[in-house]
Amino acid sequence: MTPAAPRFVAMAERIAVRLAQPRVRALHLPPPQPATARDAEFCALELDDGSIGFSYVLLADVGTALRAGTVGPDLAGVAAMALARGYAAGDPRAKALGFAAINALSQSLFTRAAWAPPGAGDSLAGIAPEAGEHVGMVGLFPPLVAPVLGAGARLTVLEIDPALAGERDGYTVTLDPAALACCDCVVSTCTVMLNDTLDAVLAACRSARRVAVIGPTAGCVPDPLFERGVDLVGGRRVTDRRGFLDAFAAGERWGAFAAKYVIAPPEYPGCAWLLERAA
């Protein structure tokens with residue numbers, strides 16, 4: 001199977017051609033000392049049609065590097081595809097900006113094809129843990145801990161930061177991907193999309209009945225994830241551009257200006273259909 005990064009870039013190439021090579025309007029970065037730390041984990045890349053794609057910027061301190069340079073102002077007018085190709089590169093900054101561009105192109109395609117991803121019923125993207133089940137979480141996402149434990153499920157969290165490892169109040173944090181092998185369902189944050197661990201993580205949780213990849217960075221066309229056995233992809237779609245940009249720039253919560261959604265293979269028409277519809 002083709003590695004995930006080149007596959008996403010190839011799909012972005014097709015989208016960019018169909019949409020007449022969209023260009024970047026602006027790169028929006030959260031303030032250095034935001035009022036809401038969690039909402040400041042992402043950058044937002046805006047295309048000239050107003051479509052916005054997110055990317056996680058705390059890996060390798062990408063956010064700080066972006067603020068320190070001149071990359072933000074210089075991106076205005078750049079072809080989105082020129083950035084998207086960076087997702088297959090080794091540089092963390094190019095990878096983060098590249099996936100933001102892939103997400104923005106994907107959101108633009110959804111709009112042009114007049115297709116709206118189904119709204120999410122909960123924060124767990126339809127995983128629906130049950131009492132007695134063993135849930136795996138890839139990347140500690142505190143808002144999801146309470147719903148899992150509240151359902152009576154056992155929780156194991158896979159992390160890459162040794163400082164987080166150990167027993168917590170009602171759950172375990174481990175550094176060993178093999179711990180996912182006995183999980184009944186797994187929900188992964190999108191860090192796996194940016195640190196080249198996607199395929200390794202999916203291999204580790206191949207026995208799970210359901211696997212979900214969720215978060216603002218999961219705003220891409222989901223075809224490469226479904227090809228790898230992912231069951232659910234939960235992302236964010238900006239619904240109020242002006243409200244979002246004002247809140248984002250102020251370091252305030254912006255969730256009210258973006259809708260959560262979850263895509264599953266039965267409801268997804270496929271990128272080829274979207275491209276044809278967008279014509």
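This report walks through the sheets, helix packing and a few loop residues of a predicted model.

## Ground rules

The model is predicted, so local features need pLDDT of at least 70 and side-chain atom pairs count only at pLDDT 80 or more, while totals for chains, interfaces and linings use all residues. Residues are numbered from 1 along each chain as its sequence is written, and side-chain values use heavy atoms, with hydrogens and water left out.

Helices (H or I, at least four residues) and strands (E, at least two) are DSSP runs, numbered from the N terminus. Two strands pair if DSSP finds at least two bridges between them.

## The three-strand sheet

Let's start with the open sheet of three strands, ordered β1-β2-β3 with antiparallel pairing. β1 and β3 sit at the edges with a single partner strand each, so one side of each is left without a neighbour in the sheet. On average, neighbouring strands here are turned by 20° against each other, direction ignored. For angles, axes are lines fitted to C-alpha atoms (for helices, over the stretch in contact), and values run from 0 to 180 degrees between N-to-C directions.

β1 and β2 run antiparallel and are joined by four bridges, with alanine 26 opposite glutamate 46 in β2. Strand β2 (residues 42-47) also pairs with β3 in the antiparallel sense, over five bridges; there, alanine 44 stands opposite phenylalanine 54 in β3. The hairpin of β2 and β3 has four residues between the strands, and glycine 50 in it takes a positive phi near 90°.

How many residues of strand β3 are buried? Five of its five residues (52-56) are buried, where buried means under 20% relative accessible area, exposed over 50%, and partly exposed in between (1.4 Å probe, protein chains only). Ile52, Phe54 and Tyr56 are on one side of β3, with Gly53 and Ser55 on the other, and both faces are covered. As for helices, α9 (residues 241-249) lies across β1, β2 and β3, running at about 140° to β2.

## The eight-strand sheet

The other open sheet described here has eight strands in the order β6-β7-β5-β4-β8-β9-β10-β11, with mixed pairing. Its edges are β6 (166-167) and β11 (258-263), each with a single partner strand, so one side of each is left without a neighbour in the sheet. As a reminder, strands of a sheet pair through backbone hydrogen bonds, either parallel or antiparallel.

Strand β4 (residues 134-138) and strand β8 (residues 185-189) show the parallel kind, with four bridges. Methionine 137 stands opposite valine 187 in β8. Helix α5 lies across β10 (232-238) and β11, running at about 80° to β10.

## Helix α1 and its partners

The axes of helix α1 (residues 4-18) and helix α5 (residues 92-112) come within 10 Å and cross at roughly 45°. The contact (heavy atoms within 4.5 Å) is made by Phe8, Val9, Ala12, Ile15, Ala16 and Arg18 of α1 and Phe99, Ile102, Leu105, Ser106, Leu109 and Arg112 of α5. By class, the contact of α1 with α5 has nine nonpolar, one polar and two charged residues; Ala, Val, Leu, Ile, Met, Phe, Trp, Tyr, Cys and Pro count as nonpolar, Asp, Glu, Lys and Arg as charged, and the others, Gly among them, as polar.

What about α1 and helix α10 (residues 271-278)? Their axes come within 10 Å and cross at roughly 10°, which makes α1 roughly parallel to α10. Met11, Arg14, Ile15 and Arg18 in α1 meet Cys271, Ala272, Leu275 and Ala278 in α10. The residues of this contact divide into six nonpolar, no polar and two charged.

## Loop residues worth a look

Most residues other than glycine have a negative phi. Alanine 20 has a positive phi of about 60° although it is not a glycine. This alanine is in the loop between α1 and β1 (24-28), and alanine 20 counts as exposed at 63% relative accessibility. Aspartate 196 also has a positive phi of about 60°. Aspartate 196 lies in the loop between β8 and α7 (198-204) and counts as exposed, at 59%.

Glycine 152 is in the loop between α6 (142-150) and β5 (154-158). Not counting residues up to four places away in sequence, glycine 152 touches Glu130, Ala131 and Gly132.

Key:
Angles under 35 degrees count as roughly parallel, over 145 as roughly antiparallel, 65 to 115 as roughly perpendicular and the rest as oblique.
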